[in-house]
Amino acid sequence: SPPVALSSHHCQLAMVTIIYSILIRYSFNTFPKPNIHIIMNIQVGDKAPEFNLVTLTEEGPQTVQLADLTAKSTTVLLFVPMAFTGVCTEEFCSITSELSVYNDLNAQVVGISGDNPFAQQAWADKEGIGITLLSDYEHAAAEAYGVAYESFLPEKNLIMGGVPKRSAFVVDQNGVVRYAEVNDSPGDLPDFEAIQACLKSL
């Protein structure tokens with residue numbers, strides 16, 4: 001049978017359909033994709049995520065990496081929500097009073113919060129906190145360790161995200177996590193007896 005001739009209207013419609021399909025495909029392939037952050041819980045036996053945080057020293061602000069810490073000794077990382085709060089102060093003052101116990105276990109203890117290093121130092125000076133404090137001001141470490149709140153205490157109108165949950169990790173000199181504890185309630189302290197038992201076993 002002879003070929004069917006297409007009208008100009010049909011040709012225009014076909015051309016529009018082809019162009020539209022090309023534009024749609026181009027859009028999906030070239031428009032920026034949304035950033036999706038997958039929060040992973042750190043488990044015992046995992047490689048501890050590296051970080052690069054800031055501490056305030058007598059010489060001024062200095063950067064500290066996890067590798068710097070574990071090169072010296074087994075390290076206890078204590079994440080706390082924020083400086084100048086009751087439970088956080090209680091935790092770090094208690095640890096300060098027991099630093100000799102951790103020294104005898106060949107371990108060092110560092111505290112991590114989302115406060116800036118100057119606020120951390122003011123807090124340490126006021127309360128007599130004697131452990132090294134690291135500033136996770138951009139919440140990168142809290143997110144890497146899977147301990148960042150999506151919203152801290154919304155029932156008290158403290159809706160800020162990224163605040164670290166009260167957590168404890170023991171990282172050995174090979175950078176491996178040997179103890180991990182994450183508390184959803186900011187009022188719950190880590191199990192320091194279990195932490196010390198872990199250190200004794202290493």
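Predicted model: local features only at pLDDT ≥ 70, side-chain atom pairs only at ≥ 80, totals over all residues.
Which elements cover the buried residues of α7?

**Helix α7**

Select residues 192-201, which form α7. Colour Phe192, Ile195, Gln196, Cys198 and Leu199, the residues that are buried in this helix. Then look down the axis of α7: these buried residues fall within an arc of 155°, so they line one face of the helix. Next, display what covers them, which includes the strands β3 (74-79), β4, β6 (166-171) and β7 (177-183), together with the helices α3 and α4 (99-104). Turn to the other side of α7 to find Glu193, Lys200 and Ser201, which are exposed. Finally, move to the start of the helix, where Asp191 places a side-chain oxygen within 3.3 Å of the backbone nitrogen of Glu193.

**Helix α5**

Now select residues 117-127, helix α5. Its buried residues are Pro117, Gln120, Trp123 and Ala124. They lie on the same side of α5, because the arc they cover around the axis is only 120°. An α-helix has 3.6 residues a turn, so residues three or four places apart point the same way.

At the N-terminal end, select Asn116, which caps α5 through a side-chain oxygen 2.8 Å from the backbone nitrogen of Phe118. After the helix, select Gly128, which follows α5 and has a positive phi, near 75°.

Methods: Residues numbered from 1 in each chain as written. Heavy atoms only, no water. Buried < 20%, exposed > 50% of the residue type's maximum accessible area, 1.4 Å probe, protein only. Helix = DSSP H or I, 4+ residues; strand = E, 2+ residues; numbered from the N terminus. Arc of directions from axis to C-beta. Polar contact = N/O pair within 3.5 Å; in protein donor to acceptor, adjacent residues only side chain to side chain. Contact = heavy atoms within 4.5 Å.
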